[in-house]
Amino acid sequence: MKARIKFRKYGVMRFIGHLDVMRFFQKAMRRAGIPIAFTGGYSPHMIMSFAQPLGVGVTSDGEYLDIELKEETDCKEAVRRLNEVMVEGIEVTDFVRIPDDKKSSGMTIVAAASYLVTLLESAKSADVTKELPDSWKAKAEAFLGQESIVVLKKTKRSEAKTDIRPMIYQMNLKPEGIYLFLAAGSEQNLKPDLVMEAFMGFLGEDFKSVPFHYHRIDVYARQPGGKNKFAPLNELKETKE
């Protein structure tokens, strides 16, 4: 049986990096008595993979972890047992059975992610926000109206000029903040801070002097029947529970 775990990451846990989160879940599986499967060989390890690791400092309501189990497990019971051993700042919200084929793995099917970007009073706290300037709404429409938005995109190995406009699926200014729906995954991947840096440059503002907080709402896969049809990863479950 293969399963997909959806969890939240909030509070001080946003400062914990991906490798430490992975080690935490390895210990949590043991403590919760989840019958997770191991690889073979001289150095066996738990069979688990994260769909789209989160950057340090970003909170989220939509993180995903795929695991393989040695035996059938009740999904609701697994959620309860895992949350009993969770620390403050991580909460399991869903546990669903997924197809056994490799094409259904979270790492493979991720195609988009949604974010809420809030404007902060100060970079010292992510909890104290302020309203967006009224002028930003019209500016956002003009920003998206550009045929191309070329930025310097850096990776660990290189940096190159990239047109990010095709990777911005939505950008809406709401009372609570800026909603972004962006390309994500192995084919195309756009981080929200790069979008905001480009937007601040368009406004003529110094990006480094404007404090933002980034919250990932969910992660999505493409659905059959249309290029722009997406579904959260936990909705792509096996029909037989």
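Good morning. Strand S6, residues 150-154, pairs with strand S7, residues 159-163, in the antiparallel sense over five bridges. Two strands are said to pair if DSSP finds at least two bridges between them. Helices (H or I, at least four residues) and strands (E, at least two) are DSSP runs, numbered from the N terminus.

The model is a predicted one: local features need pLDDT of at least 70, side-chain atom pairs count only at pLDDT 80 or more, and totals for chains, interfaces and linings use all residues. Residues are numbered from 1 along each chain as its sequence is written, and side-chain values use heavy atoms, with hydrogens and water left out.

To return to the hairpin, four residues carry the chain from S6 to S7. Within this pair, Lys153 stands opposite Ala160 in S7.

I turn now to the helices. The axes of helix H4, residues 135-144, and helix H5, residues 192-203, come within 10 Å and cross at roughly 105°. Axes are lines fitted to C-alpha atoms, for helices over the stretch in contact, and angles run from 0 to 180 degrees between N-to-C directions. Angles of 65 to 115 degrees count as roughly perpendicular, and H4 and H5 are therefore roughly perpendicular to each other.

Which residues of H4 meet H5? They are Trp136, Lys139, Ala140, Ala142 and Phe143, and their partners in H5 are Val195, Ala198, Phe199, Met200, Phe202 and Leu203; contact means heavy atoms within 4.5 Å.

Finally, the spaces. On a 1 Å grid over the protein atoms alone, a cavity is a set of points where a 1.4 Å probe fits but cannot get out, a pocket is an open set with protein on both sides within 12 Å along at least five of seven lines, and lining residues have an atom within 4 Å of a point. A volume is the space filled by probe spheres set on the points.

The largest pocket holds about 1,100 Å³. Of its 34 lining residues, Gly55, Asn189, Lys191, Pro192 and Asp193 are the closest to its centre. S6, H5 and strand S10 (212-222) each supply at least two residues of this lining.

The largest cavity has about 60 Å³ of space. Among the residues lining the cavity are Phe7, His18 and Glu63.

Note on methods: Parallel < 35°, antiparallel > 145°, perpendicular 65-115°, else oblique.
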